[in-house]
Amino acid sequence: KEMADKSILFVEEKATSFGPGNCPPMVRHRSWKPSLGDSDSPASICDKILLLFDKDQGDTVKVALFDLLCSLRVAAEEKSEVNFPYGKAIGPVYDGICSSNSDVQAMALDFLKTLAKFSRSPDEFEHKIDDIVKQIRECASESKDRIKEKALNAAAQLAGCIDSSKMSTCKMLFSAIFSALKLRDVDDDVKIAALRAMALVFAKLSSSLKGCEKDVLPILMERLNNTSTRLSAIETLESFAKQDTVALKSHIREIIDTLLKFMRTQTSKSVKHGSVATLIEVVKRYGEDLGGYSQKLFKEASTHISSSDTFLCSLILDLTGVIAESPAKSTLSKAEINEAIEKMLTFSRSPLVDSQALKALVTCFKKMSIGVSDFPTLLKRLQSLVDSKLPSFNVSVVAQCVAAMAVGADAKTRDAYIKTAVDDVRSNVTHKQQFALLSIGDIGKSTDLSSHAGLDELLLSSFNSENMALKSSASYALGSLCAGNLKKYLPALLKKLESVSDHTYLLLRAIREVVTCYYG
């Protein structure tokens, strides 16, 4: 008890030393942050730390200094400080990566990577960039794999700190990474770091590296056959496919065959997902060059439209939609298109459709209706799914698909559907009413339907239904309709809220839907 009393007195005495309003809790939490003046900001502290390099420090101290500087640079970024002393930091960093001590070299490379990652302009490295890149090349050819890996990680970030007009510097950095990429008898971590660095270099400097990909692609295809480097190689291919200046055409069929094989045979979800994401980029860019391969790709993709892996399914739907709107769509047969549509219809009835898969499904139906089918045909097939047994969730899924197609159709076709939906709302068939209300709402979100007179009053009349699902659907539809034309519908909706007390809850839900449409 005496020890406890002394402890309390000690804590109270210490607490008063922090001053009023700045007292830490009894137990220090990470959330407690004393107020700092300008002289105590991460950038100014870093300024002081850098002065210590002017003194003759031992290697252990240098390692600690670089470690501290890494943390300070991250802290400065979190505080959005723009006056970090890059000019003073570059010299010690260069000396560090030239050090004969591997620990100093490794930590200096880490700090260089952090500096480059948060750099806002090539000017911050301008006066020393050539010397740094030369030394990075030396480090990438080091005997120690740890240094190689850290040098490659730093090189990846340096790509954003080089002016792309300086071709000699760009090619020097490429050469440093390529020399490591070619190595076979090294740790897989080094191979992965080289692949990621190459992806970033081409992403940032591809305009200065035209033609260099012809040396990289054979190695990249080789890395696809290594289970340890496969995922990184796929990610690099995806990055290359996005770059207009990186030519994959010479290897396009080999790439597609390999990625399709991974889709069929791989147990790793990451590899499957990465393969489909890469194929999407390949089709976007090389759709007109695929020829008969588009059929093979489309047919293989449709077999994976299922609820067993909804994330994979969402990617597959994206791929299917991209093919349907690409020049390659002309090679697709009616049987292949119908098979894919049938799979999509089956998936629409699944209770496992999540938000990402739903978005992909809706987009895919829209692209299919424009590219390889038409709105009336797909509308009939989607409407056939809706019956009294279909859960409300799936009714909403189907309604969103129809609405997306209607928005993508011409005005005459869309108006004809709205008239049909209005008739369904007036019918006495509950599932038809609900489906029509939801589809009108989803169309109204993105298209002004004010030309359809009395539509808002029709939706309001559905508030009188005894079916709660219909009331909820009408509320959603009314809010969505308002979002499409605030000037016309919102004042009337707010006036109803003041005067109609029987449906206050539903009117509030409608207003909430308006807010959601604008602010998510």
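Residues are numbered from 1 along each chain as its sequence is written. In this predicted model, local features need pLDDT of at least 70 and side-chain atom pairs count only at pLDDT 80 or more, whereas totals for chains, interfaces and linings use all residues, and side-chain values use heavy atoms, with hydrogens and water left out.

Visitor: What distance does helix α3 reach from its first C-alpha to its last?

Guide: Helices are DSSP runs of H or I with at least four residues, numbered from the N terminus. Helix α3 covers residues 59-78, 20 residues in total. The expected span is 1.5 Å times one less than the number of residues. For α3 that expectation is 28 Å, and the helix comes close to it, reaching 29 Å.

Visitor: Which elements are included in what covers the buried residues of α3?

Guide: Buried means under 20% relative accessible area, with a 1.4 Å probe and protein chains only. Among the buried residues of α3 are Leu 65, Phe 66 and Arg 73. Their cover includes α2 (42-51), α4 (86-97) and α5 (102-117).

Visitor: Is Tyr 476 buried or exposed?

Guide: Tyr 476 lies in helix α23, residues 468-484. Because its relative accessibility is 19%, Tyr 476 counts as buried.

Visitor: Which residues does Tyr 476 touch, not counting residues up to four places away in sequence?

Guide: Contact means heavy atoms within 4.5 Å. Leu 438 is 38 residues from Tyr 476 in sequence, yet 7.3 Å away in space, C-alpha to C-alpha. With that exclusion, Tyr 476 touches Leu 438, Asp 442, Lys 445 and Glu 513.

Technical notes. Helices (H or I, at least four residues) and strands (E, at least two) are DSSP runs, numbered from the N terminus. Buried means under 20% relative accessible area, exposed over 50%, partly exposed in between (1.4 Å probe, protein chains only).
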